Amino acid sequence: MTPGLRIGTSGWNYPTGRGTWNGVFYPPARGRPKGFDELAFYASHFDTVEVNSTFYGQPRAAVCRAWAERTPAGFEFSVKLYQKFTHPKMYQERVIASLPDPSALGDVDADGSLYGELSPAKPNQADLDEFRRGIEPLAEAGKLGALLAQFPPSFKDTPASRDYLARLLTAFSGYHVAVELRHKSWSDRIGETLALLNEFRSAWVQIDEPKFRLSIRQNYLPNVQGFYYMRLHGRNVEQWWRHAKSEDRYDYLYSADELREFSDTAGAVRRLVKKLYLYTNNHFSAKSVANAAMIKQQLGEPVEGEYPAEFLERYPHLVGVVRPQSTISNQRSAVPVTP
């Protein structure tokens with residue numbers, strides 16, 4: 001295993017919907033071996049995971065401590081920032097919906113002033129302290145990877161946005177912060193964007209997803225030597241903006257040829273940076289697991305863990321790439337819950 005190279009998936013728990021991992025990567029929910037632990041099973045295959053649940057709610061120290069205890073030494077969690085830090089409009093809409101009197105929150109323009117000083121949706125010191133307290137058990141255990149600041153496509157390169165981003169990076173100084181920008185205005189002024197991120201030694205997240213007129217353009221090169229961060233979202237153009245369920249957007253399986261571009265990039269970049277994180281986010285029916293395993297193989301990295309027969313039936317091209325689960329392993333609890 002190459003030091004500093006970490007490959008995993010975005011999230012590990014997908015228990016519902018047509019794209020569930022149950023019965024594909026994990027045993028079916030009904031009849032599952034007693035004591036089966038999804039996170040521990042996942043961690044026997046990959047050495048890192050991207051936590052998405054912290055986008056919807058602040059991380060809790062007790063939960064993060066349990067994650068650290070249930071994973072082996074050297075495992076790392078990259079943690080997405082709470083939505084209030086990056087998606088104030090989404091946060092505000094959720095709060096408004098919960099209020100008996102929505103007008104109590106006040107009015108906020110939709111032109112980017114949501115990131116301004118007077119925005120009621122702007123995170124405050126208490127929010128920052130709560131997030132830091134929540135992830136502290138991971139940091140203490142040496143299992144905290146990067147913090148992911150994923151901004152929406154509507155987050156344009158404006159003076160207010162730049163000021164907000166600088167203040168956010170200042171607030172999280174001391175952590176490795178990866179910034180995902182998706183509007184093309186940031187790549188239109190690439191020099192200024194790089195200068196801002198480099199000032200805080202923050203990695204510009206390199207993303208693969210369907211490209212539209214206003215989508216960001218990137219060359220996949222690292223912008224800092226400290227670390228590199230790549231996310232593969234899939235290329236489901238037809239269902240990217242219009243879909244019955246949000247999971248449908250990520251219903252895409254990269255071919256071996258499509259992945260070669262990213263494997264080659266990772267192979268070159270790992271010689272230039274101290275640490276590289278590569279996460280597959282096309283999570284529908286564990287397609288992200290299949291593609292992460294394929295990338296590891298293409299890079300000559302060990303493909304660890306055992307894979308259930310159901311997984312190999314779904315993705316037969318991985319036969320011979322991954323190790324099938326033995327009958328004995330399939331009959332007992334594959335990974336017991338840590339007390």
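**Exercise 1. Find what the side chain of N124 reaches at the start of helix α5.**

Solution. Step 1: go to the start of α5, where a side-chain oxygen of N124 comes to within 3.1 Å of the backbone nitrogen of A126. Step 2: compare this with the definition of a polar contact, a pair of N or O atoms within 3.5 Å; within protein, one must be able to donate a hydrogen and the other to accept it, and residues adjacent in sequence count only if both atoms are side-chain atoms.

Before going on, please note that this is a predicted model: local features need pLDDT of at least 70, side-chain atom pairs count only at pLDDT 80 or more, and totals for chains, interfaces and linings use all residues. Residues are numbered from 1 along each chain as its sequence is written, and side-chain values use heavy atoms, with hydrogens and water left out.

**Exercise 2. Follow α5 from end to end and describe its course.**

Solution. Step 1: α5 covers residues 125-140, which is 16 residues. Helices (H or I, at least four residues) and strands (E, at least two) are DSSP runs, numbered from the N terminus. Step 2: from first C-alpha to last, α5 reaches 22 Å, close to the 22 Å expected at 1.5 Å a residue. The expected span is 1.5 Å times one less than the number of residues. Step 3: look for a bend, and you will find one of about 35° at G134, with the proline P137 following within four residues. The bend is the angle between axes fitted to the seven residues ending at a position and the seven starting there. Step 4: just past the helix, G142 takes a positive phi of about 70°.

**Exercise 3. List the buried residues of α5 and what they pack against.**

Solution. Step 1: buried means under 20% relative accessible area, exposed over 50%, and partly exposed in between (1.4 Å probe, protein chains only). Step 2: in α5, D127, L128, F131, G134, I135, P137 and L138 are buried. Step 3: their packing partners are α2 (61-69), β3 (76-80), α3 (83-86), β4 (144-150) and α6 (159-171).

**Exercise 4. Is S173 buried or exposed?**

Solution. Step 1: locate S173 in the loop between α6 and β5 (177-180). Step 2: S173 counts as exposed because its relative accessible area is 53%. Step 3: a polar atom of the S173 side chain lies 3.0 Å from the backbone oxygen of T170. Step 4: R201 is 28 residues away from S173 in sequence and 9.2 Å away in space, C-alpha to C-alpha.

**Exercise 5. Work out the surroundings of R6.**

Solution. Step 1: R6 sits in strand β1 (residues 5-10). Step 2: its relative accessibility is 13%, so R6 counts as buried. Step 3: the R6 side chain reaches the backbone oxygen of G74 at 2.8 Å. Step 4: leaving aside neighbours within four places in sequence, R6 has contacts (heavy atoms within 4.5 Å) that include D47, T48, F75, E76 and Y277.

**Exercise 6. Examine the phi values of Y220 and A286.**

Solution. Step 1: recall that most residues other than glycine have a negative phi. Step 2: Y220 is not a glycine, yet its phi is positive, about 70°. Y220 lies in the loop between β7 (206-208) and β8 (227-232), and is buried at 12% relative accessibility. Step 3: A286, also not a glycine, has a positive phi of about 65°. A286 is placed in the loop between β9 (275-280) and α10 (287-298), and is buried at 0% relative accessibility.
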